[in-house]
2 protein chains.
Amino acid sequence: MENWDLIIVGAGAAGLTAGIYGVRSGLKTLIIEEKMAGGRAADAPVIENYPGFERISGSELMQKMVAQCRGLGVVINEFENAVALDLKSEEKVVKTNKGIYRTKAVIIASGTSYRELGVPGEKEFRGRGVSYCGVCDGPLFKGKRVMVVGGGNAAVITALYLAELVSEVKIVHRRNAFRAEEALVKALMGKNNIEVLWNTELKEIKGEKLVNKAVLADVQTGEIRELSIDGVFVQVGETPNSQIAKEASVEVDEHGYIKVDVRQRTNIPGVYAAGDVTNHPVKQVGTAVGQGITAALEAYGFIRRPYYYGQ
Amino acid sequence: MENWDLIIVGAGAAGLTAGIYGVRSGLKTLIIEEKMAGGRAADAPVIENYPGFERISGSELMQKMVAQCRGLGVVINEFENAVALDLKSEEKVVKTNKGIYRTKAVIIASGTSYRELGVPGEKEFRGRGVSYCGVCDGPLFKGKRVMVVGGGNAAVITALYLAELVSEVKIVHRRNAFRAEEALVKALMGKNNIEVLWNTELKEIKGEKLVNKAVLADVQTGEIRELSIDGVFVQVGETPNSQIAKEASVEVDEHGYIKVDVRQRTNIPGVYAAGDVTNHPVKQVGTAVGQGITAALEAYGFIRRPYYYGQ
């Protein structure tokens, strides 16, 4: 069984930042990441609000963070899935699909997964017209007609990105206003191949081999109509990846987000959480970074007990 | 009297980030900065732990943030000093040495000032051998003997920076261990022109026109000795720039740091604080960024009351 000072679950902005601070504090630090390092931010076509970069693609920004982290000596195990945590004793145990690790402290930075709509056709056509990531799958829809479902920043960013690739984009939103940065909404209004269908819900996704139709309902009148479409990009929020933490008795809120205090502590000593998986109200790269720093410095204090710890 | 949606006091990492998010949310945003935009981080010779940049000088990083902020349309008034806040009414008023501004929300991101030692000679020789910023004044001491007082990250970073310029550096620290990142301490140990005087206090700074001597005391034995020295760099922490906030009834803790909750709210509605001036336990560029984001989005919610505000 390998021994570590600090194990971080998740290599997104929060986890990578915690890694940078952990290793610079002298902690032997391992990050375990289910997919490729980079996290959800790597899926963003463009990021214009991370201080220091006027405009950078999510994947480029996250590659920089990964390189910085590895360059400092953090070990990042990609494509390894943490399946269980034992946090009861002072020495904590992280079990993955590949091994078992002992550690003095754990930071949970496992982020969120794309939330599904739960409508008929969504599961059947996933990967055959239904997508949750514009950057990943947008290029497959060149010259075609796509739909983006949602009304937050992610939906608007996805629509803007797709508008450059596809022939037309319809945004389906069940409210009559976006919950998105005004700068993004303004950019949207300047695109003549994007149309917003307000007060509209997607009820079903239809097709043969591939998606070819969306069934829509007017939220106010209940009226149903069908629209010919080649792709559906679902951008309706996230659900926290907090299952294994919850099973190990880490407290979560009513939506499953891990409860943390201002020092990123959970209810279990030596266990911290940072980034989108927490109940912090803001989910941005910059806030994940701030939380990753705080979590790592707190873990350092917990492990090494320097004279100022607890002050 | 000029009208604004959001006024931010201070153009350091927290204030500039709040500006980026404020203006991108559609708020008419003004930053008032006493000195040059950039804040304390701009004084850092090198920053290696801000995610996205493996190694960058503080001034270069902060110039990027300033440019990004201005590019998005934030107005930054430099060399303007906020002297009083009136936060009692819904419309808040910020009074400076140059004008009076009305605003719907205020973010206090005024940071900290260098803490003084309070020893004889310190005030008299300020600017004549006594300095609080290695990057600002280090080049004046090329080939000379300097002393750094302190034991935290700032002291170690300053010593490392000066070691490249001067002939010898003595670090005077009243404890027997640093409160600094291990990576920094390791780098220090590799320098043969840096000597650490543990358990030692600086008692007095002497000189004629310029500094030429330091009077030191052994903390354990009380023994006093004099050391010939050309410069003294004081790096013993900060005091929060919270005076005008306090005078406007913003709550501060026992050290004068502004009390904030997890959403960066102070005790006064519509008034937020972010960065080093707050009572958040961690003072890093990355944490200031995270707090600036949260404060700006909270101010946006307070001003515009979108349907999801308060959720």
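Author: We begin with the salt bridge, which is a side-chain nitrogen of Lys or Arg within 4 Å of a carboxyl oxygen of Asp or Glu. This is a predicted model, in which local features need pLDDT of at least 70 and side-chain atom pairs count only at pLDDT 80 or more, while totals for chains, interfaces and linings use all residues. Residues are numbered from 1 along each chain as its sequence is written, chains are lettered from A in the order in which they are written, and side-chain values use heavy atoms, without hydrogens and water.

Reader: How many salt bridges are counted between chain A and chain B?

Author: The count is 6. In one salt bridge A:E181 pairs with B:R24, and the closest N and O atoms are 2.8 Å apart. Helix 1 (13-24), helix 2 (58-71), helix 5 (182-189) and helix 7 (285-304) of chain A each bring at least two residues to the side that touches chain B; helices here are DSSP runs of H or I, at least four residues, numbered from the N terminus. Helix 7 of chain A gives the most, with 8 residues.

Reader: How much area do chain A and chain B bury between them?

Author: Buried area is the accessible area (1.4 Å probe) that two parts lose on being put together, summed over both. For chain A and chain B this is about 4,000 Å², with 57% of it on carbon and sulfur atoms. Contact means heavy atoms within 4.5 Å, and 44 residues of chain A are in contact with 44 residues of chain B.

Reader: Which domains does the assignment give for chain A?

Author: Domain bounds come from an automatic or database domain assignment. It gives domain 1 (2-113 + 238-304) and domain 2 (130-234) of chain A, whose C-alpha centres lie 32 Å apart. These two domains bury about 450 Å² between them. A:D43, A:P45 and A:N49 supply 74% of the area that domain 1 of chain A buries against domain 2. Between these domains the count is 0 salt bridges.
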